[in-house]
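Here is a friendly walk through one structure, from its surface to its salt bridges and strands. Have the viewer open as you read.

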Amino acid sequence: MKRQILLAVTTLCVALIAAPPVAAFCGFYVAKADTRLFNEASQVAIARHDGKTVLTMANDYRGELEEFAIVIPVPTLLEREQINVADKRLLDHLDAYSSPRLVEYYDENPCRRRFDMLKVAPMGRSKTADVAEMEARARSLGVTIEAEYTVGEYDIVILSARESDGLTTFLKETGYKLPSGAERVLGSYIRQDMKFFLAKVNLEEQARQGTTYLRPLQVAFESPKFMLPIRLGTLNAEGQQELFVYTLTREGRVETTNYRTVKLPTDVDVPAFVKRDFGKFYKAMFEEQTRKHDGRVVFQEYAWNMAWCDPCAADPLSRDQLQQLGVFWLDESPQQFGGQAQQVFITRLHLRYDGKRFPEDLMFQETSDNSNFQGRYVVRHPFPGYGDCERGRRYREQLPERREKEAQTLANLTGWEIGDIRARMEGEGVEFPADAPKEPWWKRIWN
Amino acid sequence: MSDPRHYQIAVLGSLLAYGCLALDFAVGWHQIVTLVLVALGTQMLASRWVDIPFDWRSPLISSLSLCLLLRTETASATVLAAVITIASKFLIRLRGKHVFNPTNFGLIAILLLDAGWVSPGQWGSAALAAFAFAGLGGLVVFRARRADVTWAFLLFYPALLLARAIWLGDPMAIPLHQLQSGALLLFAFFMISDPKTTPDRRSGRILFALLVALTAGFIRFVLFQPNELLWALVCCSMLTPLIDRMLPAERYRWQTAIPPLSDSDPTAFRVQPKGVLAS
């Protein structure tokens, strides 16, 4: 008997190791009609403290506004005051503040001792029915329309459902085109006692607002669940999706508990041409690092106390901006640093996901870790003169080696061909060690 | 290698090296040194206090487990964790047996004090094979009569995750992903298996494994709190004395040269070189 149990468990363990992951789903957006949705880069800010959560959600939807429709599982029913429409600039600012940054240094004259930091380049991501009838029909399908609101340019419906097939039928009848597999995921959320938040664009309101894009939606709720439902989105999206999560918490850094959180490589010297192609560099680096980890990790790109930054890619968010993002605990904390926000710790997480590598919703935890982290890349410009001294001569001799190291670093980070990198650097007049005769090792021992 | 703890030290040490070198664990060498030295020091002082010979193995195992799991920001939290972990063995005792797995207790104390955190996701899923083999190998060498608690737990907890997935209609990828967790294997092979803090009789241990699995499921899926396994073990450990009373059996002893004394002996510490793995 004992042997049998042992065998069974061993088989199970082997199965766990060997089983190929089964495709699943994720995400936020569900297409209405047959529109292709461009939800490849979603941004979500989560302000959370003491079980209270404020979610701010934005995506770079570029389709027809009347085609826009989303379904978001939420842990609780939402009243009108729990829903808001935010200014898109809040997330843009959050993005700019937490972006990886390129820092530029100019080497000082090696024959003089001085050190200047000249410039910081912020790195923005690439630019970044009829009611009564509907209610009756919903009831007959076991779907309850808990509430309906118009908030800003959105018409919002809060639903709860007993069965997924009823909900699926209802959504289809009201014009949602559900991708295959949606019923299963919706069923899982129903059993987990989640409610559904549906939003469509109210074109009249939209015209009145005068904006050409959709503003981020915000919801506030109280729940022990510190998670982000990503399963629905992978159903309709083609390939992988890009997600940025900014968490605003009180104590410290946030990490995922069901996926590995990895820090993006940082604080490295890169060739000068990266300055012109910083956007490409960031994208290539992110892709290469994702590939190296088999696409199964969440990257931490920034973790910092919101009161300051160094160097700053953008100013920290003001108290007012933070409040708009749902940071509700500011009143309780003492003001410091000339009224700037305190007790807000931002974590920027970035992931590229699909149903295969991220089968489960993202689960988070706040840690007590408040050490600062940023993606910081350095371009060092050599001193242009020759430096008429012994140290100057040595400085010149070391330059080619330094360049080679920068080229290697860049190739390693981005997966770019080392030959291409060298060629590009050489085009800018950079020399490599092969061209420079090396000084014998013993020359520097006693001299 | 007559004492299974030597093997555990080797495995935990290797996992730590792997974690630091390949998985970039957020633990520095100074934290490792601090945890090990403070744990050994605390064991030495406490041994002197209760007048038993100093045994370096158990505190070393405890401190290596802390290195693998505990993440702290401050040196004081690191020191505190090591002291609480070792001191709990000497201070929280019932019927001549310590109640909590020391590492488990130390981690929970630090979480409660909000002085540190545990990163259950730090292992990713690539480390899984290494883990499984280390654990399986450990059990073979171990041959301890307490491997049953690990097997029982590895039956109950996956069954629970599987049942939940079936009930929700989730694809199997979800429970499989949940099971491909280094934290889960580390817990199963190196923490719940502690022969000093699990019930003495086999049936008691299987009941114990079931209780831990159910409690962990409750914490994870009803309370939605992370580190459900650690919390579940600390809660269920309080029931061990009760299970032992209901299902009495002979007390476990390490295979060391120290002659056993009776449990009624006031110096009964001597017969119980504390803890396995994480003890």
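## Ground rules

Helices (H or I, at least four residues) and strands (E, at least two) are DSSP runs, numbered from the N terminus. The model is predicted, so local features need pLDDT of at least 70 and side-chain atom pairs count only at pLDDT 80 or more, while totals for chains, interfaces and linings use all residues. Residues are numbered from 1 along each chain as its sequence is written, chains are lettered from A and ligands numbered from 1 in the order in which they are written, and side-chain values use heavy atoms, with hydrogens and water left out.

## A nonpolar patch on chain B

Let us start at the surface. B:L207, B:L210, B:L214, B:L239, B:L242 and B:M246 make up a nonpolar patch there, and together they have about 500 Å² of accessible area. Patches take residues with over 30% relative accessible area and no salt bridge; like charges are joined within 9 Å, and nonpolar side chains (Val, Leu, Ile, Met, Phe, Trp, Tyr) within 5 Å. The areas themselves come from the Shrake-Rupley method with a 1.4 Å probe, and for residues only the protein chains shown count as cover.

Two helices of chain B, α10 (202–221) and α12 (240–246), each supply at least two residues of the patch. The most comes from α10(B), with three residues. B:L210 sits in helix α10 of chain B and is partly exposed, with a relative accessible area of 31%. On this scale, buried means under 20% relative accessible area, exposed means over 50%, and partly exposed is in between (1.4 Å probe, protein chains only).

## Salt bridges

How many salt bridges does a search of the whole structure find over all chains? The search finds 36, where a salt bridge is a side-chain nitrogen of Lys or Arg within 4 Å of a carboxyl oxygen of Asp or Glu.

In chain A, the side chains of A:E153 and A:R215 meet at 2.6 Å, N to O. This pair links distant parts of the chain, 62 residues apart: A:E153 is in the loop between β7 (143–151) and β8 (154–161), and A:R215 in the loop between α6 (203–209) and β10 (217–222). A:E153 is buried at a relative accessible area of 0%, and A:R215 is buried at 18%. Another salt bridge brings A:R424 and A:D277 together at 2.8 Å, N to O. Here A:R424 belongs to helix α11 (residues 418–427) and A:D277 to the loop between β15 (268–269) and α8 (278–292), 147 residues apart. A:R424 is partly exposed at 35%, whereas A:D277 counts as buried at 15%.

Chain B has a salt bridge between B:R205 and B:D148 (2.8 Å, N to O). B:R205 lies in helix α10 and B:D148 in helix α7 (residues 147–168), so the pair ties together parts that are 57 residues apart in sequence. B:R205 is buried at 4%, and B:D148 is buried at 10%. Back in chain A, shared partners join A:D107, A:R402, A:R403 and A:E406 into one salt-bridge network.

## A four-stranded sheet in chain A

Finally, chain A holds an open sheet of four strands in the order β3-β9-β8-β7, with antiparallel pairing. Its edges are β3 (69–74) and β7, each with a single partner strand, so one side of each has no neighbour in the sheet. Strands pair if DSSP finds at least two bridges between them.

Six bridges join β8(A) to β9 (residues 195–201) of chain A, and the two run antiparallel. A:V157 stands opposite A:L198 in β9(A).
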